Structure formats: structure tokens, C-alpha cells
Amino acid sequence: MGSRYRIGIGSDLIAADGTSLVEAAQRELLAPVPGLVVETFGAPRATLAPADIVGFDAVVTLWQNVREETLAGSERLATIARWGVGIDMIDVDACTRHDVLLSVTRDAVRRPVAEAILTSVLVLAKNVLGNDRLVREGGWDDKRPNLGLRGKVIGTIGVGNIGAELVGLLRPLGLARVLASDPFVTAEDADRLGVELTDLDTLLREADYVCVNCPLTRDTRHLLGARELALMKPTAYLVNTARGPIVDEEALVAALTEKRIAGAALDVFEHEPLPAGSPLSTLENVVLSPHSIAWTDELFSLNGSGACENALAVLRGEIPAHVVNREVIEQPGFQAKLAHLRAQWSEAN
Ligand SMILES: NC(=O)c1ccc[n+]([C@@H]2O[C@H](COP(=O)([O-])OP(=O)(O)OC[C@H]3O[C@@H](n4cnc5c(N)ncnc54)[C@H](O)[C@@H]3O)[C@@H](O)[C@H]2O)c1
């Protein structure tokens, strides 16, 4: 068989040292497929250009934007497989309009991000960074008691894939309550998950640790602004591993500086990389990580295999596990792409 299928691997998946984030998956899943051509595409620019994706049946991407203009001339493209789950960099409606199925790797991020949030809560409760500083800076005798988690209240804004996993990890800790605010979760879901469903204001007023686990959308941009942060207790902490712009960073800096909340652990920021000179980097009640606290061996391995498997499923003429724009599936334009790919696959295998 000739090289009928073409999968593009985004250049944003190639690290500075040349290693590919999907190397193992490429070797184990893609290389054995007869006639499959795998190529790296595009320059690591903010938004993909039409020329980057032209001629591919499937592309795997990490952080590059996909906009309406990216998809001009995408007649052949059947699917975009995101390495990860955040889709704020992708115009989902444009994908649907262009008969392109968008998939994500929910299984890969669920546990690593939930572990990262639990780590952040513990690092804040035990003042790990402050204690480290005391020892290094000769402040041994200034040590103070840390906080226990038993009897405390944790709130999760969003209780989907990652939020629900976090709730499971919290179960053995003997918390007083786990609160969740999520407009798309029913009372039955909440019962099954073992969370108390509340509105956002109640969660902010009552939680000792507020964890952000919703996606960045038009509706959630600055969901936590000055008004919302003012509802939090002065002893409460904020953990944001979801997306920076969900929190109004200026309002957060003010709340942290004036000690209106106790502290924060932030993996994500309004502007990434965090600009040099950001007040966040001088505040002692903040723990920072460069959008990487969830990066684990497990996350890298499962994101790579998950994204490549999602792309391959479409090449086989099948629907992958985690589709974002399910409405595309029944569209005649997408069905035609799928039927063509399915026919090619059965001819070749
Ligand atoms: N830091 C990282 O490396 C990292 C890694 C993976 C994911 N993330 C972020 O985590 C987010 C969540 O991932 P997920 O897999 O759990 O997604 P998910 O879609 O399974 O869950 C998100 C939940 O948020 C809820 N939600 C939507 N709008 C809301 C609102 N206004 N208020 C409260 N809840 C709302 C949804 O109903 C859903 O239940 C992703 O969108 C991504 O931005 C970050």
C-alpha cells in the first residue's frame, strides 16, 4: 500500500532538546501501521496556519491555537487529537463547521492533576516553602505550627474529570465537608461523587481550600474577581491548576498582598510564562509552578498514547473515546471523511 494516511505531529510537541512528547507512542502505535506517514508540522508559532495542516488526515497538537482561519483548506483533515484536555486554544465551533472531530486525553490527566492539587493543598497546609526558608535563612527558632486537614472544608469549582478524581483522593483524609460548585452537575451526580453541591458564593465563603477545576470559557474568564475573592475567609487558600484567566490575577495579588486570604498555589497564570517582575513571584504566601505541577511520567506516557490512539481511531473509521464536538459525528461532511478512511483502512489491513 502507498502512503495514504498522513498524521501530523505539532512542532509544539517537540521539546527544546529535540525529543518528542509522543516518541514512545509514535514507535509503538503509529510505526507498525502499514503505509502511515508521520511528519512534524508547522513552526512553534502561537496560531497554526492553514499551510501547517494541509494534506494531513489527522494532527496531534499541544498548545498551539487552532482558529477558523487555520482550518481554511482543511478538506482532508478529519481530526485534531489534543495532547491534554484544555481546549481554550481551539475554536471548537470552527472545527465542527469544517467537519473536523476534536478529541482530548481525559484518562491521561485525571490522576496526575488530582495528585498535583492534593500536593498543593498539603504544601500550603504544612507551609513547606516557608519552613524550608526558615532552615536555609537561620530562622530555626521562628518555627510555628502548621495546619492539619482533618475537619477542614475543601471546595472544588468544577467537579468533572479532574475534580471527581480529587474528591476520591480526599476521601481518606477525614475532611469535614467537600463542596462542589458546578452548573452542569446534578444532585444525583453529587450524591454519587460524595460532594455537597453548592453555589459558588457559598463555596467561597465556607471552604478552607478553594480548588479551581473548571475549563476556561467565555463564562469562566475572571470567574474569581475581587468580589468573589473577598468572600473567602482570611484563613483560606486558593489552588489554581486549571487556567490562569479564570482568576483575575490583579485582584488575587491584592488579596494576597493585603493578607485577605492566607495564600495560594498557582500552576497557571493570566500570561504564561509568568512575566518577569510579576508581584506574584515576590509574595511569600504563594507557591508557584510553571504549568507543570501535573507533569508526571504517567501523564506524559498516557497523553502520548491517548492522543495517537485517538488519531488512529479516526483513521480506522471509528469514533475515538473522548470527543469534544460530538455534534460533528452525524454531519455528512465528517461521515464522508470517515467512510473514506474506513475503506482505505480495510483495504490496507
Ligand atoms: N495544569 C495543568 O497541567 C492542567 C492539566 C489538565 C487540565 N487542566 C485544566 O483543567 C480543566 C478541567 O479538566 P477536566 O478534565 O476536569 O475537564 P472536565 O470538562 O471533565 O470538567 C470540568 C468541569 O467544570 C464544570 N464547569 C464548567 N463551567 C463551570 C462553572 N462556571 N463553574 C463551575 N464548574 C464549571 C463542567 O461542568 C465540568 O464538570 C481543563 O479545562 C484544563 O484547563 C490543567
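Ala, Val, Leu, Ile, Met, Phe, Trp, Tyr, Cys and Pro count here as nonpolar, Asp, Glu, Lys and Arg as charged, and the others, Gly among them, as polar. The model is predicted: local features need pLDDT of at least 70, side-chain atom pairs count only at pLDDT 80 or more, and totals for chains, interfaces and linings use all residues. Residues are numbered from 1 along each chain as its sequence is written, and side-chain values use heavy atoms, with hydrogens and water left out.

**View 1. The second largest pocket.**
By class, 14 nonpolar, five polar and seven charged residues make up the lining of the second largest pocket. Its volume is about 620 Å³. A pocket is an open set of points on a 1 Å grid over the protein atoms alone, with protein on both sides within 12 Å along at least five of seven lines; lining residues have an atom within 4 Å of a point. Grid points are joined across faces, edges and corners, and a volume is the space filled by probe spheres set on the points. Of the 26 lining residues, N127, G130, Y237, E284 and N285 are the closest to the centre of the second largest pocket. The elements that give two or more residues to this lining are α4 (106-125), α5 (128-136) and β12 (286-288). Helix α5 gives the most, with six residues. Helices (H or I, at least four residues) and strands (E, at least two) are DSSP runs, numbered from the N terminus.

**View 2. The largest nonpolar core.**
I7, L36, V60, Y209 and L315 touch the most other members of the largest nonpolar core, which has 60 residues. Such a core is a set of buried Ala, Val, Leu, Ile, Met, Phe, Trp, Tyr and Cys residues joined through side-chain atoms within 4.5 Å. Buried means under 20% relative accessible area, exposed over 50%, and partly exposed in between (1.4 Å probe, protein chains only). Helix α4 gives the most to this core, with nine residues. The core lies between domain 1 (5-104 + 296-348) and domain 2 (108-288), because both give residues to it. The domain bounds come from an automatic or database domain assignment. Apart from this core lies another, of 32 residues, with L200, L224, L266 and L283 among them. In soluble globular proteins, nonpolar side chains tend to be buried together.

**View 3. V60 and its contacts.**
Contact means heavy atoms within 4.5 Å. Not counting residues up to four places away in sequence, V60 touches I7, G8, I9, G10, L13, F41, A81, A307 and A311. Of these, I7 is also listed with V60 among the residues that touch the most other members of the largest nonpolar core.

**View 4. The largest cavity.**
One cavity of 30 Å³ or more turns up in a search of the whole structure. A cavity is a set of grid points where a 1.4 Å probe fits but cannot get out. The largest cavity has a volume of about 40 Å³. N240, G244, V247, E249, L252, L266, V268 and F269 line it. By class, this lining has five nonpolar, two polar and one charged residues.

D99 sits in the loop between α3 (92-97) and β5 (101-103). Its relative accessible area is 18%, so D99 is buried. Beyond residues up to four places away in sequence, D99 touches L77, A78, V328, Q331, G333, F334 and K337. D99 and R76 are 23 residues apart in sequence, and their C-alpha atoms are 9.6 Å apart in space. Q344 belongs to helix α12 (residues 332-348). Q344 counts as buried because its relative accessibility is 11%. Leaving aside neighbours within four places in sequence, Q344 is in contact with R4 and Y5.

**View 5. Backbone details in three loops.**
The peptide bond from E272 to P273 is cis, with omega near -5°. P273 lies in the loop between β11 (263-266) and β12. H222 is a residue other than glycine with a positive phi, near 55°. H222 is placed in the loop between β9 (209-212) and α9 (226-231). At 35% relative accessible area, H222 is partly exposed. H291 is not a glycine, yet its phi is positive, at about 50°. H291 is in the loop between β12 and α11 (297-315). With a relative accessible area of 29%, H291 is partly exposed.

**View 6. G194, an exposed loop residue.**
G194 is in the loop between α7 (187-193) and β8 (196-197). Its relative accessible area is 51%, so G194 is exposed. G194 and G168 are 26 residues apart in sequence and 8.7 Å apart in space, C-alpha to C-alpha.
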